[in-house]
Amino acid sequence: MSKDNKVTPLVEIKDLSIAFGGIKAVDHASVDLYPGEVVAILGHNGAGKSTLIKILSGAYKRDSGTILVDGKEADINNPRDAKKYGIETIYQTLAVADNVDAAANLFLGREVLTNWGTLDDVAMEAQARKVMGRLNPNFQRFKEPVSKLSGGQRQSVAIARAILFNARILIMDEPTAALGPQETEQVGQLIHRLKEDGIGIFLISHDIHDVFDLADRVAVMKNGQMVGYARTKDVTKDEVLGMIILGKCPPAATPGPGASTDF
Amino acid sequence: MSDTTQTTGAAKVENEGAFTRFLRATEIDARLLGMIAALVVIWVGFHLYGKIANGYGAFLTARNLWNLSVQTASIGVMATGMVLIIVTRHIDLSVGSILGFCAMSMAIIQVWILPEFLGLGHPLIWPIAVLCGLLIGCLIGAFHGFLVAYLGIPAFIVTLGGLLVWRGAAFLLARGETISPVDATFAKLGGGPYGSIGSLGSWIVGAIACAALVWLLFNGRTQRRRFKFPLRPMWAEMFLGGTGSAIILGTVLLVNSYPWPIGIVRQYVAANNLQTPAEEIFKSHGFAIPVLILIAVGVAMTFLTTRTRFGRYVFAIGGNPEAAELAGINTRWVTVKIFAIMGTLAGLSAVISSARLNSATNNLGTLDELYVIAAAVIGGTSFAGGIGTIYGAILGALVMQSLQTGMVLIGFDAAIQQMVVGSVLVVAVWIDTIYRRRAK
Ligand SMILES: Nc1ncnc2c1ncn2[C@@H]1O[C@H](COP(=O)(O)OP(=O)(O)OP(=O)(O)O)[C@@H](O)[C@H]1O
Ligand SMILES: [Mg+2]
C-alpha cells in the first residue's frame, strides 16, 4: 500500500482501535502518509473517520494500536503531544475559542510574547493578517470575538490556525464544508502549495470531485474498518463510490480488513 | 485632530437619542452605568432613610464612606479571584472558610509561635505571618483545583465540602478560642488611623492614579490607531479623562476629610511631645492600607487577565473548554492555578479581616462566599462562562458592601440582612440572564 518503500512514511497508523461503550468506532484501522502526499479518508456518516484522526491529533486516547511518526513510535496522549510531532488539525466541529478574537485564536496555545513576558498583540495581529490574507482576503474582523463571525469565517480562522505553525502533518476534517466557492478554491490552492512544501495531509471530505482533484490516494472506511486503499490515478469515481457505499474493492485497490467479500 | 473622522460611528446611525450616542462614543457599557446607578440609589436611599427615620443621615458622611472603603477591601480582593473561577464555569463556595482557616493559622503563628522564637513585637513577625497565610491559602486552593481538574469532581461539590472542612479545621486549630491581639504592625494592614497613609500620601496616590488614567487613554488611542480601529471622538476621551480624574480627586478629598478620632490624636500628641493641644490638630486618615491592597490586587489581576498568556487561557477555556484543550492548552493545570490564585486571595483577605478586627475569631469570613459571588456576578461575570472583568467585580463588591453597611446603619438585624443578600444574589443572576439574552 505504500507508494515507495525506500522513503519512511511521515505517519504510519497501525491496527488502531477505539470503542465508545459498545460501539467500535474504529476497528483495527491502518493507514499511512508520505511527505508531500494528500491521503483522503472517505466513508459514510459515522464510519469512524473523525474518530480515527482525533486519535492521531491527541483528542482521543486509543484502546490499542500504534502510531509511528518518521518510523519511530509516537507517544500521543493529548493535543499538546501531537503538536510536538508537528501534527496540526482542523476539526470538523471547528474547535475555536468563541469569545476571544481571531488573532488570539490563531495563536491560542502558542502566543507570541514580548520581552516582558506579556502578550505581543501587535506581532500576533500582523502575522494573523498575513496568513488570513492568503486564505480569505476579504476577512477584516480581527478584533472581534469569533462568536460574532459567520460559519465560513470561523472555518477560515480554523484553517489559518492550523497552517500558521509550519505543521509537517496536517489533518483537515471537512475543511471546506462551510466555505463559499471562492474560499473553497483558495483552500484547494493552499493544499497544493502545502504539498509542494513536503507537508503530508490527511483530508476528510464527502465531495468526491474535490477528493479526485486534491488527493493522491484514498483510504475508505466503513463501520470503523478499512475497506481498502487506492491511488486516485488507478480508480474511477464510481469505483470509489462503490467502496464507500458497498464496501466493494475494485481490482486496482488494495483491500483492507473491512472489504466486503460477498461479491 | 484629523483622526476624529474615524469615530465610533455616532454619525452612521441616525435617529438615536443623545444618551445612546453618548454611550456609544464613550464606550461606557450599560452595565457599568447600571452599577453606578445602583450605587447612587443605595447610597442616597440609605442616607435619606436615616434622615427621615432617625433624624440623621449617616450614610453619606466621610466617616461612613471611609469605613465602607475598608470593608469593601476584603470582599473585593476575593471577588477578583472569583471572576477567574466563574469565567471558567466553576464556582468556589469555600472562600469564606479558607479565609477563616488562614486567619486562624496566621493568628496562631504570630501570637503563639513566633514570639517564642523571635520575641514579642519582632519586626519579622508580620511578614512571616502574612507569607504563611498566603501560602496556606494558595495550597488549599491548589488542592481544590487538583480535585476539580484531575479527579473530575465538580467544583460545586469540592468547594461545598471545603466550606465545611476548613471551617471545622479552623475551629480545631485553636479549639474555638478567639486569638487576640495580633502583632501591632500586622494590625495596620487592616486600616484604622495608624493603618492609613495620611493626607500627603493620599494626594500622591491620587496623582499617580490620574496620571495612569491619562496614560491609559492615550495609550489606548495609539493602539487603536495602530490596529486601524475606530477611535473615540476627542470630546469623549476628554470626558472620560475628566470624569475619571474628578472621581479620583474627589475620593482623595473625601478620605482626607475624615479626621483621626480625638483620643488617637491625644495619644499622638503625647507620643511626639507636641506643644499644640490635641483639639487643634486635624490629622487626616487618608486612604486605608487595605484599600491600597485592593487597588494593587485590582491592577495586578487586570494585568494578569488582559496582558498575559494565562489570562487569555482563562477566557478561552471559559468560552469553549473543548476547543481550548484541542488548541493545546493544558486546561487542567490552568484550572489548578485559578483555584490556587483564589485561595491566595482568600489568604490575603484573611490578613485584611483579621488585622481589622485585631483578632482571629472562629467565624471570621462566614457567608463571605455569598458576598464574593454576588460581587462578581453584579460586576458582570457570567455563569455561562468566558465573560467577566476585574473592575466590575470590585465595583460589585462595593455595591454589596454598601447594601450591608446601609442595613447595619439603619438597624436591620442579621436575619433580614441575610435575606436581602440572598435575594440580591438571585436577582443579580436573573438580571444577568436577561441582559445576556438581549445582548445576543
Ligand atoms: N465521543 C463519542 N462518544 C460516543 N460515540 C462516539 C463519539 N464520537 C464518535 N462516536 C461514534 O463513533 C462512530 C464514528 O463517528 P465519527 O465521528 O468518527 O464518524 P465520521 O466518519 O467522522 O462521520 P461524519 O462523516 O458524519 O463526520 C459513530 O457511530 C459515532 O456515533
Ligand atoms: Mg466526521
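Which side chains meet in a salt bridge at 3.1 Å, N to O? They are those of Asp98(A) and Arg154(A), a salt bridge being a side-chain nitrogen of Lys or Arg within 4 Å of a carboxyl oxygen of Asp or Glu. Asp98(A) lies in the loop between β6 and α3 of chain A and Arg154(A) in helix α5 (residues 151-163), so the pair ties together parts that are 56 residues apart in sequence. Both residues are buried, where buried means under 20% relative accessible area, exposed over 50%, and partly exposed in between (1.4 Å probe, protein chains only).

This is a predicted model, in which local features need pLDDT of at least 70 and side-chain atom pairs count only at pLDDT 80 or more, while totals for chains, interfaces and linings use all residues. Residues are numbered from 1 along each chain as its sequence is written, chains are lettered from A and ligands numbered from 1 in the order in which they are written, and side-chain values use heavy atoms, with hydrogens and water left out.

**Salt bridges**

Over all chains the count comes to 21 salt bridges. The table lists some of these pairs.

| Pair | Closest N and O atoms |
|---|---|
| Arg217(A) and Glu37(A) | 2.5 Å |
| Arg232(B) and Glu237(B) | 3.2 Å |
| Arg309(B) and Glu111(A) | 3.5 Å |

Arg217(A) belongs to strand β9 (residues 217-222) and Glu37(A) to the loop between β2 (23-33) and β3 (38-43) of chain A, so this pair ties together parts that are 180 residues apart in sequence. Helices (H or I, at least four residues) and strands (E, at least two) are DSSP runs, numbered from the N terminus. Arg217(A) is buried at 4% relative accessibility, and Glu37(A) is buried at 0%. In chain B, Arg232(B) and Glu237(B) are both buried.

**Interface of chains A and B**

The area buried between chain A and chain B is about 2,300 Å², of which carbon and sulfur atoms give 58%; buried area is the accessible area (1.4 Å probe) that two parts lose on being put together, summed over both. Arg80(A), Asn99(A) and Leu119(A) supply 24% of the area that chain A buries against chain B, more than any other three residues. The contact (heavy atoms within 4.5 Å) takes 26 residues from chain A and 24 residues from chain B. Between the two chains there are 4 salt bridges. Asn320(B), in the loop between α12 (309-319) and α13 (321-326) of chain B, touches Val96(A), Ala97(A), Asp98(A) and Arg89(B), not counting residues up to four places away in sequence. Asn320(B) counts as buried at 17% relative accessibility.

**Nonpolar cores**

A nonpolar core is a set of buried Ala, Val, Leu, Ile, Met, Phe, Trp, Tyr and Cys residues joined through side-chain atoms within 4.5 Å. The largest has 96 residues, and those with the most contacts inside it include Met82(B), Phe186(B) and Ile329(B). Helix α3 (residues 62-87) of chain B gives the largest share of this core, 13 residues. A second, separate core of 52 residues includes Leu42(A), Val96(A), Phe212(A) and Val227(A).

**Magnesium site**

Ser50(A) (OG) and Gln92(A) (OE1) coordinate the magnesium ion (ligand 2) at 1.9 to 2.1 Å. Donors are N, O and S atoms within 2.8 Å of the metal (3.2 Å for Na, K and Ca); water is not among the atoms, so sites may look incomplete. Ser50(A) is buried, with a relative accessible area of 19%, whereas Gln92(A) is partly exposed at 41%.
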